[in-house]
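This report goes through one protein chain, from its overall surface to single residues.

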Amino acid sequence: MEQRHLGRTGLRVSRIGLGTLTWGRDTDEHDAADMLKAFWEAGGTLVDTADVYGDGEAEYLLGRLIDGLVPRRDLVISTKAGSVPDPDRRFDGSRGHLLAALDASLGRLGTDHVDVWHVHAYDPFTPLEETLQTLDLAVSSGRARYAGVSNFCGWQLAKAATWQLAAPGPRTRLASTQMEYSLLQRGVEREVLPAAIDLGIGMLPSSPLGRGVLTGKYRNATPADSRGASEHLAPFVEPYLDDTASRIVDAVTTAADGLAVTPLQVALAWVRDRPGVAAPIVGARNAQQLTAALSVEALSLPDEICRALDDVSAPLHRYPDHDWSTL
């Protein structure tokens, strides 16, 4: 698998990442082991998790598989901290919480460092400089090699990245930002992606298959074994089952038929090769699904297909996001 630099850093990652959102909850140890081995054998290196995935079970499961199945040195492990189970305060970016969460993650993963550590989301109740100084502490102490953020909007990302570049003292520049990005969700193209490109931050798209909808599996009905039929994941899929999404899925399917590939491959290749993208994070249910996604390595979409998909999925961006002189 091709390797790409993560933002403007020396760290190289596989251009497809393996997500672990369902590990320890919907994905058991057997399926997780099969996926990790298949991913590693295909040349994959970037494995993404978070301290809240499966209430910590995803990290614990990944930790059990490291070394016993895949050498730790062959993986780029990315995890996140900051989400909390508090309905009144969903995110905690304070120094105390983040450092305690990082130490707990390292314990579950069974490693002395993570390669990339992300703040899971912006916390409006903690001064941003406190959150960013915590990233500096994590890197300077050796507990994290690189740092990034997740789910920051455009101004939040630009402010954080600029602080790290301009504030006095040794600072850790942001290596990456993880955001949802697919043919069904192109909102990051308004401000987040332009900011990331300008500031040298690598984009790690989550849900690159539109929460599974872009595979075409929901065109006629909801499969019984799909996330859309899962009690706790159905609300996650439902927003992308509308008429607008249906038109985009139809276009993806038409393109796939013309290229003699699958809709999954078309949708994943499109987001993988967008400007600024380092590696889409793919979450599969089993090794068979993951292998299907990894087969996209050999596919590059023709320019005319990309333009057609761009047109059918184009979000409505008006002032001030587009060139004001054209409005």
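The accessible surface of the protein chain comes to about 14,500 Å², and 51% of that area belongs to carbon and sulfur atoms. Accessible areas come from the Shrake-Rupley method with a 1.4 Å probe, and for residues only the protein chains shown count as cover. This is a predicted model, in which local features need pLDDT of at least 70 and side-chain atom pairs count only at pLDDT 80 or more, while totals for chains, interfaces and linings use all residues. Residues are numbered from 1 along each chain as its sequence is written, and side-chain values use heavy atoms, with hydrogens and water left out.

**Overall build**

The protein chain has eleven helices and ten strands; helices (H or I, at least four residues) and strands (E, at least two) are DSSP runs, numbered from the N terminus. Its radius of gyration is 19 Å, close to the 20 Å that the globule rule gives for 327 residues, so the protein chain is as compact as a globular protein of that length. That radius is taken over C-alpha atoms, and the globule rule is 2.2 Å times the number of residues to the power 0.38. The C-alpha trace spans about 55 × 55 × 40 Å along its principal axes.

Of the 327 residues, 53% count as buried. Buried means under 20% relative accessible area, exposed means over 50%, and partly exposed lies in between (1.4 Å probe, protein chains only). Among contacts (heavy atoms within 4.5 Å) between residues at least 6 apart in sequence, 78% join residues at least 24 apart.

**Helix packing**

Two packed helices are described by the angle between their axes and the distance between the axes. Axes are lines fitted to C-alpha atoms, for helices over the stretch in contact, and angles run from 0 to 180 degrees between N-to-C directions.

| Helix pair | Angle | Axis distance |
|---|---|---|
| α2 (residues 57-65) and α3 (residues 95-109) | about 40 degrees | 7 Å |
| α8 and α11 | about 170 degrees | 9 Å |

The angle in the table makes α2 oblique to α3, whereas α8 is roughly antiparallel to α11. Angles under 35 degrees count as roughly parallel, over 145 as roughly antiparallel, 65 to 115 as roughly perpendicular and the rest as oblique.

On the α2 side, Glu59, Tyr60, Leu62 and Gly63 meet Ser105, Arg108 and Leu109 of α3. By class, this contact of α2 with α3 has three nonpolar, two polar and two charged residues. Ala, Val, Leu, Ile, Met, Phe, Trp, Tyr, Cys and Pro count as nonpolar, Asp, Glu, Lys and Arg as charged, and the others, Gly among them, as polar.

From α8, Arg247, Ile248, Ala251, Val252, Ala255 and Leu259 meet Ile305, Leu309, Val312 and Ser313 of α11. The contact of α8 with α11 has eight nonpolar, one polar and one charged residues.

**An enclosed helix**

Ten of the ten residues of helix α9 (residues 263-272) are buried, so α9 is largely enclosed by the rest of the structure. Among these buried residues are Gln265, Trp270 and Arg272. The buried residues of α9 pack against α8 (243-259), α10 (287-294) and α11 (303-313), and also against the strands β1 (3-5), β9 (202-206) and β10 (281-282).

**Single residues**

Most residues other than glycine have a negative phi. Asp67 has a positive phi, near 75 degrees. Asp67 sits in the loop between α2 and β5 (76-81) and counts as exposed, at 57% relative accessibility. Ser207 also has a positive phi, of about 45 degrees, and lies in the loop between β9 and α7 (234-237).

Val237 belongs to helix α7 and counts as buried, at 1% relative accessibility.
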